[in-house]
Amino acid sequence: MYFENFASLVDMGGHGIYVWPTYALGLLVILYNIVSPMMARKKIVTQIRRQAKAANNRKKPASSDTGRKVNSHEQFSANGQQQASTTESSRTVNEGE
Amino acid sequence: MNWTFFHKLGSPKWFYEISGKWLPWLAILAALMMATGLTWGLLFTPPDYLQGNSYRIIFLHVPTAFLASAIYVSMAIAGAVTLIWRIKLADMALKCMAPIGTSFCFLALLTGAIWGKPTWGTWWVWDARLTSMLILLFLYFGVIALRGAIRSATTQARACAILTLVGVVNIPIIKFSVQWWNTLHQGSTLKLTEKPSMAPEMLWPLLISIAAFYLFFTVVLIIRLRTEILDRERRTKWVRNAVEAGARS
Amino acid sequence: MNPVRKQRLLLILLLIAGVGVAVALALFALKENINHYYSPAQIVSGEAPIGQKIRGGGVVVPGSLKRDPNGLTVTFNVSDGEGEVEVEYTGILPDLFREGQGIVGTGKLDEKRRFIAEELLAKHDENYMPPEVQHAIDKAHKPGANAEGAQ
């Protein structure tokens with residue numbers, strides 16, 4: 001290591017007061033970029049699992065009211081995004097070509 | 001030209017499956033490179049003849065600054081693909097890149113300001129380089145805010161793509177600002193066609209840090225994109241199966 | 001390429017080009033305001049206005065630094081190889097202020113075209129090297145003199 005002892009490592013010739021807070025901020029930004037996506041994923045996965053469970057529970061009663069199922073799916077869509085239809089494929093959607 | 005490959009690239013399911021296999025390895029590699037580059041630079045390099053130890057900020061400042069611009073360019077490309085080919089995955093990518101780019105742009109400005117105090121004698125100056133980077137930060141905020149303000153998915157996609165493309169004019173300004181105007185910020189140390197004006201014992205940890213941040217960005221993007229795919233494709237069978245299978249990452 | 005997509009691509013390129021032209025024009029028009037920086041040669045030649053707030057700078061001429069024994073006022077000369085200007089500054093000099101290094105300041109010119117700086121900042125170039133390398137370079141450039149280098 002360039003620095004000979006802990007004191008000089010912290011002080012860095014007077015520049016420690018600039019370098020260490022900078023690296024602390026860097027660490028925070030790196031951590032944000034790890035934690036935020038993982039939290040978002042957890043939230044979405046739990047949401048989807050809950051919806052799947054609710055859909056299964058609704059399937060159990062004998063009624064085959066497919067119309068109603070479509071509506072409650074749209075209700076759950078968290079981002080308010082309009083999904084075109086439940087039969088939409090997951091490939092590219094060429095709109096209005 | 002075989003366009004079917006290109007269109008397969010746009011399949012969220014395909015991307016989800018492929019990225020799932022690569023992700024752990026990329027993440028480990030990114031972590032190793034980041035740790036190596038930053039520790040080496042912070043602790044094991046000699047000080048600069050002129051700036052002393054404050055120059056160690058460079059190992060955070062340069063990678064994040066490079067990435068702030070590079071991510072924005074990637075967003076512009078994704079925006080163009082969204083507008084021209086209407087590929088949903090491109091819009092998802094643009095959405096996911098934005099917060100990452102914003103955080104790096106923010107860090108670049110902050111680390112630069114802190115570095116400026118002991119070197120130039122000021123936290124901030126309105127020269128062309130710093131001002132154009134600040135404009136980049138505002139563009140990033142703008143793209144994120146715009147998405148939140150629009151309800152319809154297609155309008156969101158198009159509006160954000162257009163805003164990103166309009167702002168991409170700022171990128172060459174950032175890059176050439178130190179040549180076109182008389183700036184306090186110095187010129188480029190790393191150049192494409194010339195030898196870098198940095199001693200090798202400092203240059204290697206810097207290059208490793210830059211590569212590490214690019215890789216880190218890729219890993220974070222993949223994680224965010226996978227979640228976005230699950231969200232938007234939640235009504236498909238493959239997503240239900242993937243979620244039930246207890247997919248971790 | 002599908003003609004509809006080709007058209008969209010063209011529209012995008014036109015959009016970017018349009019914005020680019022608009023920005024370029026704006027920057028060109030504002031050049032005077034953005035670039036209120038005058039080099040020593042420009043100050044000497046009379047291009048720079050007197051009494052108005054401007055930016056000026058140059059390389060500190062070695063041996064020109066004089067400190068006022070009573071206060072924090074210093075005077076020194078800056079040069080760009082073509083002109084030399086005397087600078088007066090009251091305040092703490094930036095850490096990186098060295099003879100032979102660049103500075104940039106904001107302030108006004110007095111009637112004698114001396115630059116009275118209100119704010120002084122140190123400029124540094126894009127070179128990074130350890131002190132030993134700098135000493136070696138200095139030694140090589142001044143074979144007879146003491147290799148004090150930039151310190």
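A salt bridge is a side-chain nitrogen of Lys or Arg within 4 Å of a carboxyl oxygen of Asp or Glu. The views below come from a predicted model, in which local features need pLDDT of at least 70, side-chain atom pairs count only at pLDDT 80 or more, and totals for chains, interfaces and linings use all residues. Residues are numbered from 1 along each chain as its sequence is written, chains are lettered from A and ligands numbered from 1 in the order in which they are written, and side-chain values use heavy atoms, with hydrogens and water left out.

**View 1. The salt bridge between B:Glu228 and B:Lys95.** The closest N and O atoms of this pair are 3.1 Å apart. Because B:Glu228 belongs to helix H8 and B:Lys95 to helix H4 of chain B, the pair ties together parts 133 residues apart in sequence; helices (H or I, at least four residues) are DSSP runs, numbered from the N terminus. B:Glu228 is buried at 8% relative accessibility, whereas B:Lys95 is partly exposed at 23%. Here, buried means under 20% relative accessible area, exposed over 50%, and partly exposed in between (1.4 Å probe, protein chains only).

**View 2. The salt bridge between B:Arg232 and B:Asp91.** The closest N and O atoms lie 3.0 Å apart. The pair links helix H8 with helix H4 of chain B across 141 residues. B:Arg232 is buried, with a relative accessible area of 9%, and B:Asp91 is buried as well, at 3%. A network of salt bridges links B:Asp91, B:Lys95, B:Arg147, B:Glu228 and B:Arg232.

**View 3. The salt bridge between B:Lys88 and B:Glu233.** The N to O distance is 2.8 Å. B:Lys88 lies in helix H4, and B:Glu233 in the loop between helix H8 (200-232) and helix H9 (237-244) of chain B, so the pair ties together parts that are 145 residues apart in sequence. Both residues are buried.

**View 4. The crossing of helices H4 (residues 88-119) and H5 (residues 128-149) of chain B.** The two axes come within 9 Å and cross at roughly 145 degrees; axes are lines fitted to C-alpha atoms, for helices over the stretch in contact, and angles run from 0 to 180 degrees between N-to-C directions. Residues in contact (heavy atoms within 4.5 Å) include B:Ala98 and B:Phe106 of H4(B), and B:Leu137 and B:Ile144 of H5(B).

**View 5. Residues 146-151 of chain C.** Throughout this stretch, pLDDT (the predictor's confidence in each residue, from 0 to 100) stays under 50. Where pLDDT is low, the predicted coordinates should not be read in detail.

Conventions: Helix = DSSP H or I, 4+ residues; strand = E, 2+ residues; numbered from the N terminus.
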